Amino acid sequence: MKIALGRGGIASLEPERRDLFVSNRFVKAQKLLPAVTRQPYVSIVIPARNEAARIGSVVKECLTVGDEVIVIDDGSTDLTSVVAERAGAKVLKNTQGRGYIGAIKTGFAEAHGDIVVTIDGDGEHSPRDIPRLVEPVVR
């Protein structure tokens, strides 16, 4: 089962469990996860538009705490996708902006993680907080 963590809380991404949603109550999410005997594979999805100045450092920091970093370049007119790719991210490009939610959906569809975390590409939030966010879910 894939679990997505983001601003709105936790949501199951499995079709048969789409009705399950726990808003900002990470303790309840433990019941959604099967017993995990290995460390979960964590995908980090970063929607970005014209973030070339910041995206490189965000990607590099995310790579220290996640297994997969996917940047969705949502119609940037700068070098966002080039900088993100050079920093080590897998980059998907929306040639026309689909908006924040559209970019997130694109990232979720591409992510391979047991857990998918979203973070903005502008550096406002620290990727170092991701392990703290994920830990209660996998406990």
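**Helix packing and burial**

In this predicted model, the axes of helix 2 (residues 55-63) and helix 3 (residues 80-87) come within 8 Å and cross at roughly 30 degrees. Because an angle under 35 degrees counts as roughly parallel, helix 2 is roughly parallel to helix 3. The crossing in which helix 2 passes helix 3 is right-handed.

Which residues make this contact? From helix 2 come Ile 55, Gly 56, Val 59, Lys 60 and Leu 63, and they meet Thr 80, Val 83, Ala 84 and Ala 87 of helix 3. By type, the residues of the contact of helix 2 with helix 3 are six nonpolar, two polar and one charged.

Burial in helix 2 involves Ile 55, Gly 56, Val 58, Val 59 and Cys 62. Viewed down the helix axis, the buried residues of helix 2 fall within an arc of 165 degrees, so they line one face of the helix. An α-helix has 3.6 residues a turn, so residues three or four places apart point the same way. The cover over the buried residues of helix 2 includes strand 4 (42-48), strand 5 (68-74) and helix 3. Ile 55, Gly 56 and Val 59 are among the buried residues of helix 2, and these three also take part in the contact with helix 3.

Helix 5 (residues 130-138) can be read in the same manner. Its buried residues are Ile 130, Val 134, Pro 136 and Val 137. They lie on the same side of helix 5, because the arc they cover around the axis is only 160 degrees.

Arg 38 sits in the loop between helix 1 (26-29) and strand 4. Is Arg 38 buried or partly exposed? Its relative accessibility is 48%, so Arg 38 counts as partly exposed.

The whole chain puts these details in context. The protein chain has five helices and seven strands. Read from the N terminus, the order of its elements is β-β-β-α-β-α-β-α-β-α-β-α. Of the 139 residues in the protein chain, 45% are buried. Among contacts in the protein chain with a separation of 6 or more, 61% join residues 24 or more positions apart.

Terms used. Residues are numbered from 1 along each chain as its sequence is written. This is a predicted model: local features need pLDDT of at least 70, side-chain atom pairs count only at pLDDT 80 or more; totals for chains, interfaces and linings use all residues. Side-chain values use heavy atoms; hydrogens and water are left out. Buried means under 20% relative accessible area, exposed over 50%, partly exposed in between (1.4 Å probe, protein chains only). Helices (H or I, at least four residues) and strands (E, at least two) are DSSP runs, numbered from the N terminus. The arc is that of the directions from the helix axis to the C-beta atoms. Axes are lines fitted to C-alpha atoms, for helices over the stretch in contact, and angles run from 0 to 180 degrees between N-to-C directions. Angles under 35 degrees count as roughly parallel, over 145 as roughly antiparallel, 65 to 115 as roughly perpendicular and the rest as oblique. A crossing is left-handed if the near helix is turned anticlockwise from the far one by less than a right angle, and right-handed if clockwise. Contact means heavy atoms within 4.5 Å. Ala, Val, Leu, Ile, Met, Phe, Trp, Tyr, Cys and Pro count as nonpolar, Asp, Glu, Lys and Arg as charged, and the others, Gly among them, as polar.
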